[in-house]
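Subject: Handover of a structure

Hello,

Please find the structure below, followed by notes on what was found in it.

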Amino acid sequence: MVLPNGLECALASVLQGTNPSTNGISGNNQDISRRSQSQLPAKGFLRFIMEAFKDATVVCLFVWSAASLGFGIKKHGLEDGWYEGGSIFIALLLIVTVFALSNFIIGAESNERTPLQARVDKRSSCIGRVGLSAAFLVLLHLLVHFFTGKTKDHENGSKTDFDDVLRSIACLAKASVAVWLAASPKGIPLVVNLTLAHTMKQMMGDKAIVRKLSAYETTGSATVICTDERGILTSRQMKVTKFWLDQESIEEEFCNKIPSTLRELLHQQAVLNTTGGPTEEAIRLWAVKELSMNLEEVMQKFTAVETFIAEKGKSAVSVRKNADNTVHVHCKGDAEMILAMCSRYYRKDGIINAMDENEKRKMKNVIDSMATSRLRCIAFAHKQIRDGTTLTKEDDLTLLGIIVLKDPCPPGIRAAVESCRSAEVGIKMITEDNVFLAKAIATDCGVLQLRAEAESDEVVEGIQFCDYKDEERMQKVDKIRVLARATPADKLLMVKCLKDKNHVVAVTGNGTDDANALKEAHTGFLMGNCRSEDAKESSDIIILDNNFTTVVTVLRWGRCVYNNIQKFIQFQLTLNVAALVIDFVAVLVARDAVPLTVSQLVWANLIMGALMALALATERPTDELMKTPPRGCTEPLITNVVWRNLLSQALYQILILLSLQFAGKSIFKMSPQVKGTMIFNTFCLCQLLNAFNARKLEGKNVFIGIHKNCFFLGILGITILLQFLMVELLIKKDASTEGLNWSQWLTSFVLAAFTLPIGLIVKFIPVREKPVLFVNPHGELDLGFIKGIKLLFCLLNWFFPIDCNN
């Protein structure tokens, strides 16, 4: 459950039209006791803080910051020795606070973890282990060289005391910690939390409330949507246009052309046989305006006795006339169903005639012709019975007439359906209406593109669908677009068949009868002001405005969540790969120093990563998302496109930063302290400009729509300002680095700016759809991956030869 418990109860009360602050929670003492016991205790903010401290990376970095703080103060004194350890400690406190705040604000009272979150956690853990292994190898390499006498002190034959040895080992450990931190993608789980929280807030503004976090992933991966028709593809703003009496259409002057006795029976139908739905409201309004009905007068003349037919498609009620105590039965509903129950009909002169099969066939043709014109037909029937009895035969009624209503499609429905079509998401309309009306509505809404298409197996009735053999049903279910005369059982069967064919199924519903289908689907959309607790509990997302256009909006948001997370993964792994290789190679060459220190990597990897997580999480859905096929729930997060983009950027950063490390002093005539600052500054600026590349995984114009995301630009500006303060104020506290002048800043910006044209150029390189596999089906490292690693180290060794005797 996404919403906090109190908010969930309040929401349910709002949907039911009650006020929890005045009426309380409905139910007896046992029900209230059960509810109170099922409520999870709310977690406070401090509880989330404590949970954040359980992270192994955070704990290790806090230990390292304490050790670094101690060594720094002992070596340089309190005034200058606090910098590295203290800055790491402050940065970690900030990170822990951000993590805890993000959880406190996905309301993470439950232990729900979406499949996407589990996959991200698994990938992050795997990458972290790779970094830990690299750090261990670096530490082992440095310790072996230290204790075998290959350091400068030992080669000169000098003796060192215990403090010097301990200090030297701490310096070696510092290099290994930097390598480990370089490969630690701690920002990736954070961006998932931030993206989900931000998207939830945005979707509430779009009249959609997410109840279960997993709905984000399944909605974005949906391949088919099974939707109702009434009130979802139609507006439910019905208007009476005609009244058929004795096979004659009356379209105006209803009061003058309908006999008085029949008019009185229609008044009773409009007032007493009603469930309060949009159809009944339209009929009542018609009776008042066109049939001169007095609502209060009808209610005073009659008393409701019993409602004995109340099912989808028809309703019936018996009423007593107070003047003579006669009992009248009124039936109303789908014209075909009511017509089958009638053996007599009213003529236009008010006389009742017997109805034979020929008369029924003529009326059936009228109903079909209306349905073909996308008009809904509701029939009225009546019978007077003796007091104390009930309706014994449902085929002995008198047809009063057939009312014709028009229910137009809401604005934007055709565009929404077309958007699903371009996104390769199939739409299956499931309706109680007959085949003719279902075809007309489906064509009007765009579910059926041409009426001729409906002549094949694309439109079937529910009973026909159930009668198929299992093998035949599985063969035809993909082709079916409209299921007419469908029951809730037919809808459930459709969902099960689609799931068996490996579709990711989304279902819309608005009542108790839809609860099973909502629960069976991967994503259940509860539409509108539904009072059914079963339907609410079975749903994943509540659509407040009962509009299919909002369903498509949610579909776009689901894809956007996945896309935004992929963007940040590309951004984060580019940073990790570049930092890992740079520090790893440099420490193998220099053995006791790394270009990117622990404090610098805490800033770049954690602080900057968290800020960019916020920036990329705010990217709104674009039309491009609805022009690609849906991603499968098991599709890898790091696709070939992501690999192409991040490796190209990482390779460029590795080349220029290692060039600065090994040749910067001679090329730019700078001191070792300035060189260290230049490497850090250029590295960070490369990441900031690479954030533009991450905005579009495949789009070549990475600046399109940037003016619409002021939050992204604002965070980018804040990060650049913080980077300036970091370089010009804080970094001067470290004895190994120094501030930069304006020409050095300009050089850093120019070197970093090449990330943009490189990002454009590589997008012209096509990639295959099949994912890059680093592990084969037997669980062994893929040979292609091993050869790629060997080639990378050969290139690095060629550019930067490693002399083991140096």
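Is E229 buried or exposed? With a relative accessible area of 1%, E229 is buried, where buried means under 20% relative accessible area, exposed over 50% and partly exposed in between (1.4 Å probe, protein chains only).

Some conventions before the rest. This is a predicted model, in which local features need pLDDT of at least 70 and side-chain atom pairs count only at pLDDT 80 or more, while totals for chains, interfaces and linings use all residues. Residues are numbered from 1 along each chain as its sequence is written, and side-chain values use heavy atoms, with hydrogens and water left out.

Back to E229. The residue is found in the loop between β2 (224-228) and β3 (239-245); strands (E, at least two residues) and helices (H or I, at least four) are DSSP runs, numbered from the N terminus. Leaving aside residues up to four places away in sequence, E229 touches T234, R376, M429, I430, T431, D433 and I441, a contact being heavy atoms within 4.5 Å. From E229 to A438 the C-alpha distance is 8.5 Å, although they are 209 residues apart in sequence.

Cores

A nonpolar core here is a set of buried Ala, Val, Leu, Ile, Met, Phe, Trp, Tyr and Cys residues joined through side-chain atoms within 4.5 Å. The largest one has 153 residues, and F548, M612 and F683 touch the most other members. Helix α25 (residues 548-590) supplies the largest share of this core, 24 residues. Residues up to four places away in sequence aside, F683 touches L575, A578, A579, L596, A604, Q653 and L657. There is also a second, separate core of 29 residues, which includes L245, F254, L266 and F302.

Aromatic pairs and charges over rings

Rings of Phe, Tyr and Trp (its six-membered ring) pair if their centres lie within 6.5 Å; planes under 30 degrees apart count as stacked, over 60 as edge-to-face and the rest as tilted. This rule gives nine aromatic pairs. F465 and Y468 form an edge-to-face pair, because their ring centres are 6.4 Å apart and their planes stand at 80 degrees. F465 is buried at a relative accessible area of 0%, and Y468 counts as buried at 9%. R473 lies over the face of F465, 5.8 Å from the ring centre; for a charge to sit over a ring, NZ of Lys or CZ of Arg must be within 6 Å of the ring centre and within 35 degrees of the ring normal.

F692 and F712 are also an edge-to-face pair, with 5.7 Å from centre to centre and 70 degrees between the planes. F692 belongs to helix α28 (residues 672-695) and F712 to helix α29 (residues 710-730), so the pair ties together parts that are 20 residues apart in sequence. The charged end of R695 sits over the ring of F712, 5.7 Å from its centre. Elsewhere, ring pairs link F243, F254 and W286 into a cluster.

The 24 residues of α28 reach 36 Å from first C-alpha to last, close to the 34 Å expected at 1.5 Å a residue; the expected span is 1.5 Å times one less than the number of residues. α28 has a kink of about 25 degrees centred on L689, the bend at a residue being the angle between axes fitted to the seven residues ending there and the seven starting there. Of its 24 residues, 22 are buried, so α28 is largely enclosed by the rest of the structure.

Other residues to look at

F668 is found in helix α27 (residues 640-668) and counts as partly exposed at 36% relative accessibility. Residues up to four places away in sequence not counted, F668 touches L660 and T747. F668 and T747 are 79 residues apart in sequence and 9.8 Å apart, C-alpha to C-alpha.

D246 is not a glycine but has a positive phi of about 55 degrees. D246 sits in the loop between β3 and β4 (248-250) and is partly exposed at 25% relative accessibility. N502, likewise a residue other than glycine, has a positive phi near 65 degrees. Its place is the loop between α22 (488-500) and β15 (505-509), and N502 is exposed, with a relative accessible area of 69%.

Regards
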